[in-house]
Amino acid sequence: MTNAKDKKTPVELPKLPFAEDALAPVISAETIQYHYGKHHNAYVNVLKDLIKGTDLEGKTVEEIIVATEGKADKKKIFNNAAQIWNHNFYWESLAKGLKKTDKKVDLHGYAGTLDDLKAELAEAAKTQFGSGWAWLVLEKGKLAVVKTSNAEVPWTKDGVEPLFIVDVWEHAYYIDYRNDRGKYVKTLLDFVKWESVL
Ligand code: FE2
């Protein structure tokens, strides 16, 4: 697995790694059409416009994130780049979660069961105030649950490597679950084949 910081993601809309209806009814084709085709695509188009003719043009999404994180005058660029990264990783996470394997779940030293981990991730996703993301990461080799606001990413900190992400922006669930973020998260986490993710 390539570390997040070492990825070289171009500023493009990637191919969706599964069919639009592959996650239905957990996530409907209609949600994917809007989420991937409209929201994700818009982040790509906006970022392309923002970096056109600047020294960030031609850089990878990771390089743009690292160069703009925490800089007030680059907030818009950071937000769009990080949203591209997070959505790419969301589709990758869901694609992994679709696969059935004979592998055993590796809890990487987590102090609890897989159900405990799912409950902790669900709680983080549910309690993230406003828009954001819930993540499973390896932090110095140990499994941890983190949540981030808006477009923020955890992997620019040393020793933090993301394994799985849950989008908790309303656009991720409003068509299928209306305002019930908790139901979306629980349904999704129960659907994922964790032996493929961990
Ligand atoms: Fe999203």
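Lys 7 forms a salt bridge with Glu 92, with the closest N and O atoms 3.2 Å apart; a salt bridge here is a side-chain nitrogen of Lys or Arg within 4 Å of a carboxyl oxygen of Asp or Glu. Lys 7 lies in the segment before helix H1 (29-51) and Glu 92 in helix H3 (residues 75-98), so the contact ties together parts that are 85 residues apart in sequence. Helices (H or I, at least four residues) and strands (E, at least two) are DSSP runs, numbered from the N terminus. Glu 92 is partly exposed at 35% relative accessibility; buried means under 20% relative accessible area, exposed over 50%, and partly exposed in between (1.4 Å probe, protein chains only).

The model is predicted, so local features need pLDDT of at least 70 and side-chain atom pairs count only at pLDDT 80 or more, while totals for chains, interfaces and linings use all residues. Residues are numbered from 1 along each chain as its sequence is written, and side-chain values use heavy atoms, with hydrogens and water left out.

The structure holds six salt bridges. Side chains of opposite charge can pair when their charged atoms come close. Lys 75 is partly exposed, with a relative accessible area of 40%, and Glu 152 is partly exposed at 28%.

A further bridge joins Lys 118 to Asp 190, with the closest N and O atoms 3.2 Å apart. This pair links distant parts of the chain, Lys 118 being in helix H4 (residues 114-127) and Asp 190 in helix H6 (residues 181-191), 72 residues apart. Lys 118 counts as buried at 16% relative accessibility, whereas Asp 190 is partly exposed at 44%. Lys 186 joins Lys 118 and Asp 190 in a network of salt bridges.

The strands come next. Strand S1 (residues 132-139) pairs with strand S2 (residues 142-149) in the antiparallel sense over eight bridges; two strands pair if DSSP finds at least two bridges between them. Within this pairing, Ala 134 has Lys 147 in S2 as its bridge partner. S1 and S2 form a hairpin with two residues between them, and Lys 140 in the turn has a positive phi of about 50 degrees.

S1 also pairs with S3 in the antiparallel sense, over seven bridges. Here Glu 139 stands opposite Val 160 in S3. Strand S3 (residues 160-167) is mostly covered, with eight of its eight residues buried.
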